[in-house]
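Keep the 3D view open as you read.

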Amino acid sequence: MNLDGVVKFFAPKGMYISDSIRATASEQLTVTDVMTALGMTQADAGIGLAMYLGKAGISQQDREAAISWLAAYAKEKAPFAVRRLAGKKFPLCMRILAKFAYNDYASSAADTVDCPKCHGKGIIEKAVTMEKSHYTMRLPQFAKDLGQSPSDFEVKRIIEDTEHCLCSRCGGKGKISKRCQCGGTGKTLDRKATDFQGIPVYKDCKRCEGRGFTRPKSSVAYRGIFSLLPSLPDRTWRYSWKPFYESLVTKCFEEESYTDRQLKRVTGSQSLNDFS
Ligand SMILES: [Zn+2]
Ligand SMILES: [Zn+2]
């Protein structure tokens, strides 16, 4: 069993889960087995589990715990340049970094963001000018006699109005999916290699680096920190803060894979190769 198995366990249908597709009845794990496994895992790799459960949306509590843990980790590991610049606001800054880093780790292709074009409203207001006209009076008899037409009494004016139209970017939904243009698979066709080998060859999508969705930009974290430290220059962010921020995101993935390995170990793996 791995972390995905744990998620299935928490889902209502997952009373019995198996470790592998080849599983026969005897290999099926019972609830007790899983609880034991989780207990064992928690002692050894608790935070990765909390991170994963928080990410899967199962436990808000675990999510909070993961962020607190990450904040403490950040406080411990922060480079001197970051520590010095943050000054008294250092603990708060680390908390904010941890929160953004965790959200970065936990974001998925299913997430949506507010459409930047319409700011989540789905409707765009367009200023339009139009010309309207009216007649000052009904065409009087003398004018008719003189051969004049109603248009000689027409007054034109330009008015400004706002037109509401559906946002073209999100089609009126107000949300856009984070799914990458590669369809969320994280793979794109490698045209060169495909032509060369004559069979379809796929490579990691460059746009999303194989994740299948666009990551939240680190500039979001920058803005969060910037509101606390208005004197933080963009350069300093890029040179000392951003790499540190990225390392926090990486840490989350590391903890997750560590837990995954531990979980496989305590629940029994299919092959000895999984022991590491
Ligand atoms: Zn929109
Ligand atoms: Zn992609």
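## Around Leu-70

Setting aside neighbours within four places in sequence, Leu-70 is in contact with Ala-98, Ala-101, Tyr-102, Leu-248, Lys-251 and Cys-252; contact here is two C-beta atoms, placed from the backbone, within 7 Å. This is a predicted model, in which local features need pLDDT of at least 70 and side-chain atom pairs count only at pLDDT 80 or more, while totals for chains, interfaces and linings use all residues. Residues are numbered from 1 along each chain as its sequence is written, and chains are lettered from A and ligands numbered from 1 in the order in which they are written.

The chain has nine helices and six strands, which are DSSP runs numbered from the N terminus (helices: H or I, at least four residues; strands: E, at least two). Of its 276 residues, 23% are buried. Buried means 20 or more other C-beta atoms within 10 Å of the residue's own, exposed means 12 or fewer, and partly exposed lies in between, with C-beta atoms placed from the backbone. Among contacts with a separation of 6 or more, 70% join residues 24 or more positions apart.

## How H5 packs

Two packed helices are described by the angle between their axes and the distance between the axes. The axes of H3 and H5 come within 8 Å and cross at roughly 125°, so H3 is oblique to H5. The contact joins residues of H3, including Ala-66, Leu-70 and Lys-75, to residues of H5, including Met-94, Arg-95 and Ala-98. By class, this contact has 11 nonpolar, no polar and three charged residues.

The axes of H5 and H8 are 10 Å apart, at an angle of about 160°, and the two helices are therefore roughly antiparallel. Axes are lines fitted to C-alpha atoms, for helices over the stretch in contact, and angles run from 0 to 180 degrees between N-to-C directions. Angles under 35 degrees count as roughly parallel, over 145 as roughly antiparallel, 65 to 115 as roughly perpendicular and the rest as oblique. Here Leu-92, Cys-93, Ile-96, Leu-97 and Phe-100 of H5 meet Val-220, Ala-221, Gly-224, Ile-225 and Leu-228 of H8. These residues divide into nine nonpolar, one polar and no charged. In this scheme Ala, Val, Leu, Ile, Met, Phe, Trp, Tyr, Cys and Pro are nonpolar, Asp, Glu, Lys and Arg are charged, and the others, Gly among them, are polar.

Is Tyr-105 buried or exposed? Tyr-105 lies in H5 and counts as buried, with 24 C-beta neighbours inside 10 Å. Not counting residues up to four places away in sequence, Tyr-105 touches Lys-55, Val-249, Cys-252 and Phe-253. Asp-104, also in H5, is partly exposed, with 19 other C-beta atoms within 10 Å.

His-119 lies in the loop between strands E1 (112-114) and E2 (123-135). His-119 is exposed, with 11 C-beta neighbours inside 10 Å, and its phi is near 55°, a positive value in a residue other than glycine.
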